[in-house]
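Please open the structure in your viewer and keep the selection panel at hand.

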Amino acid sequence: MLHDLLRSEDPTEASRLTEAFALDVLMGLSSAPKHIPSKYFYDDIGSRLFERIMGLPEYYLTGCEREVFERQHQRVVEELSGEPLLLVELGPGNGVKTRLLLRALCERSQPFRYVPIDISKSALSALLDSLETAFPGIEAEGIAADYLSGLRWLTRGADTRTVVLFLGSNLGNFSGAESLVFLKSLWNMLKDGDLVLIGFDLRKDLDVMRRAYDDSEGATRDFNLNLLHRINRDLGGDFDVDGFRFYSTFDVHGGSITSYLVSRAEQSAYIEAIGRRFHFGPWEPIRTELSYKYLESDIERLAEETGYTIVARLYDARRYFTDSLWRVCKGE
Ligand SMILES: C[S@@+](CC[C@H](N)C(=O)[O-])C[C@H]1O[C@@H](n2cnc3c(N)ncnc32)[C@H](O)[C@@H]1O
């Protein structure tokens, strides 16, 4: 079953997602410097492009986290065993790594209900269909929503033991301040003793990180340019997409891969849903994504400042990636 929190109650109105998209584009393109939130990458086309990126040799993140799950899921399963469990996943995509954990829980006969929450309805539907085939009889339902609005809706008044998965270094798409606010909001919605498993992409050789976000096939370029195509499709924009160039770089001081679409010339674009024209100077950038790369000390600090105790630290063999299991701590 799929609960769609992105649809408006009134069928004559634009969906909540389209309204929020228009508002975020208005705010982002009116700011200096210009930006668009990366969560809007994931329409049907963007979600398919991201699946392609996950299969590229340069995009090491998926393989590293899969290795962590293949080799060390027992450590996580030990912590999850016991009373029936509400297993929530924020932004699962195709859930490729989660399946390993679900299989291990099924093999242990651990009772659980799996609830993925994703802003991409197409990714969510495909995931639910594939789970039905792979795990007949599994109790699973999806929520199409932004992370926290989905979780708030799901956990209102619930007293079941809850475990939240936040894999693939999705947290790295937030700025430092946004991460703190997000983790504290999550903490507020959870109960003492609940668990959160977070994937963090660790700092490593600069070229390895850069290539993961600017691959030789151009899939990441297309993924970024799809944002402008999406504005044209969903918001009635008239962007000349070829008039923008994809560029990404690692900011060694700030600690994140930062991706941009850069205007090749002076130009403007009108967006019907906003009723406004936006101007771009020659070589003016629109920031499209931040992908923060963590130092071990960042992870310790984030947990400590937001009220969690770290229960387990799991790594792949090269220590490119870590999955960190945190317990919500509400005691004195
Ligand atoms: C980078 S992909 C990672 C997918 C998966 N976690 C993995 O490790 O392979 C991000 C996923 O999160 C979803 N997503 C991004 N921002 C979101 C938001 N604010 N609320 C809900 N889902 C979001 C996207 O649709 C996509 O499925």
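Is Glu305 buried, partly exposed or exposed? Select Glu305 in this predicted model: with a relative accessible area of 45%, the residue is partly exposed, because that class covers values between 20% and 50%.

Asp298 is paired with Arg203 in a salt bridge whose closest N and O atoms are 3.9 Å apart. As for accessibility, Asp298 counts as buried at 9%, whereas Arg203 counts as partly exposed at 26%.

**Helix H3**

Move to helix H3 (residues 60-80) and select Arg75 and Glu79, which are four residues apart and thus separated by about one helical turn. Their side chains meet in a salt bridge at 3.0 Å, N to O. Arg75 has a relative accessible area of 29% and is therefore partly exposed. Now extend the selection to Glu78 and Arg327: together with Arg75 and Glu79, these residues are linked in a network of salt bridges. Over the whole structure, the search finds 22 salt bridges.

**Strand S6**

Select Thr162, which lies in strand S6 (residues 161-166). At 3% relative accessibility, Thr162 counts as buried. Which residues does Thr162 touch, leaving aside those up to four places away in sequence? Display Leu86, Val88, Leu190, Lys191, Asp194 and Leu195 to see these contacts.

**The two domains**

Colour the chain by its domain assignment: domain 1 comprises 15-57 + 207-292, and domain 2 comprises 61-204 + 294-328. The C-alpha centres of the two domains are 26 Å apart. Domain 1 contributes 18 residues to the contact, and domain 2 contributes 19 residues.

The size of an interface is often given as the accessible area lost when the parts come together. Here, domain 1 and domain 2 bury about 1,600 Å² between them, with 54% of that area on carbon and sulfur atoms. Select Met54, Met209 and Tyr292 next: in domain 1, these residues lose the most area to domain 2, and together they account for 39% of what that side buries.

**Polar features of the interface**

How many salt bridges does the rule find across the interface of domain 1 and domain 2? There is one. Between domain 1 and domain 2, nine residue pairs are in polar contact.

To finish, highlight helix H2 (44-54), helix H8 (206-212) and strand S12 (285-292), each of which supplies at least two residues of the side of domain 1 that touches domain 2. By class, that side of domain 1 holds ten nonpolar, four polar and four charged residues.

Technical notes. Residues numbered from 1 in each chain as written. Predicted model: local features only at pLDDT ≥ 70, side-chain atom pairs only at ≥ 80, totals over all residues. Heavy atoms only, no water. Domains from an automatic or database assignment. Contact = heavy atoms within 4.5 Å. Buried area = accessible area lost by both parts, 1.4 Å probe. Salt bridge = Lys/Arg side-chain N within 4 Å of Asp/Glu carboxyl O. Polar contact = N/O pair within 3.5 Å; in protein donor to acceptor, adjacent residues only side chain to side chain. Nonpolar A, V, L, I, M, F, W, Y, C, P; charged D, E, K, R; others polar. Buried < 20%, exposed > 50% of the residue type's maximum accessible area, 1.4 Å probe, protein only.
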